[in-house]
Amino acid sequence: MKSYRKELTIRYPKRRGYVNITSQVEDALRESGIKEGLVLVNSMHITSSVFINDDENGLLSDFEVWLEKLAPEKPHNQYNHNGYEDNADAHLKRQVMGREVVVAVTNSKLDFGTWEQIFYGEYDGMRDKRLLIKIIGE
C-alpha cells in the first residue's frame, strides 16, 4: 500500500464562491503513481468546504442563493458567534456543504459518475486556505 499527500492553497478573491479543483486532484493522482485506491480531498478550514456536483454555472449560483437563505451573512448580530469576527454564516454554510469527499481510483483515474466534479466552496474568503489531498492504494 502506498500513500501520497499534497496540499493546495487557495485564496479566493471574494467572500464567497466556488472553484472546480478536479484538474488539481487529477494532477496529484498522476504524481502519486497510484492506480487503484482512494482519494480524500478535504478543506483544512472551518469556513470552506469540498463537495462533488455538476460544473454548471446556474447550479453554482443556486447554491449561493440557497445557502444565503439558510444562513444569511447579515445582519451580523443575529449570530452569537459574531463579535470579534463576522463569519458565523460561513461556519454554518460549510456545515451544510461538507468538509470532504472521497473518490475511488480505478485504472489511474477518478471513478466519477457522468457529471461529477470536485469543488472547493469558499464562505469567508480573501485569505489563504489549505486543502489536503491524500491518496492511498497500489
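Two strands are said to pair if DSSP finds at least two bridges between them. Helices (H or I, at least four residues) and strands (E, at least two) are DSSP runs, numbered from the N terminus. What you see is a predicted model, in which local features need pLDDT of at least 70 and side-chain atom pairs count only at pLDDT 80 or more, while totals for chains, interfaces and linings use all residues. Residues are numbered from 1 along each chain as its sequence is written, and side-chain values use heavy atoms, with hydrogens and water left out.

**Strand β7 and its partners**

- Let's begin with β7, which covers residues 117-122.
- Which strand is joined to β7 by four bridges? That is β2 (residues 17-20), and the two run antiparallel.
- You can find this pairing at Tyr18, whose bridge partner in β7 is Gly121.
- Strand β4 (residues 48-53) also runs antiparallel to β7, with six bridges joining them.
- Here, look for Val50, which has Tyr120 as its bridge partner in β7.

**Strand β3 and its partners**

- Strand β3 spans residues 37-43 and is joined by six bridges to β5 (residues 100-106), in an antiparallel arrangement.
- Within that pairing, Leu40 has Val102 of β5 as its bridge partner.
- β3 also pairs with β8 (residues 128-137), again in the antiparallel sense, over seven bridges.
- To spot this one, find Asn42, which stands opposite Leu132 in β8.

**Backbone details in the loops**

- Where is the cis peptide bond? It runs from Lys74 to Pro75, with omega near 0°.
- Pro75 sits in the loop between α2 (57-70) and α3 (88-97).
- Asn107 is not a glycine, yet it has a positive phi of about 55°. This residue lies in the loop between β5 and β6 (109-110).
- Is Asn107 buried or exposed? Asn107 counts as exposed (over 50%) because its relative accessibility is 59%.
- Ser108 is found in the loop between β5 and β6. Its phi is near 70°, a positive value in a residue other than glycine.

Definitions and conventions: Buried < 20%, exposed > 50% of the residue type's maximum accessible area, 1.4 Å probe, protein only.
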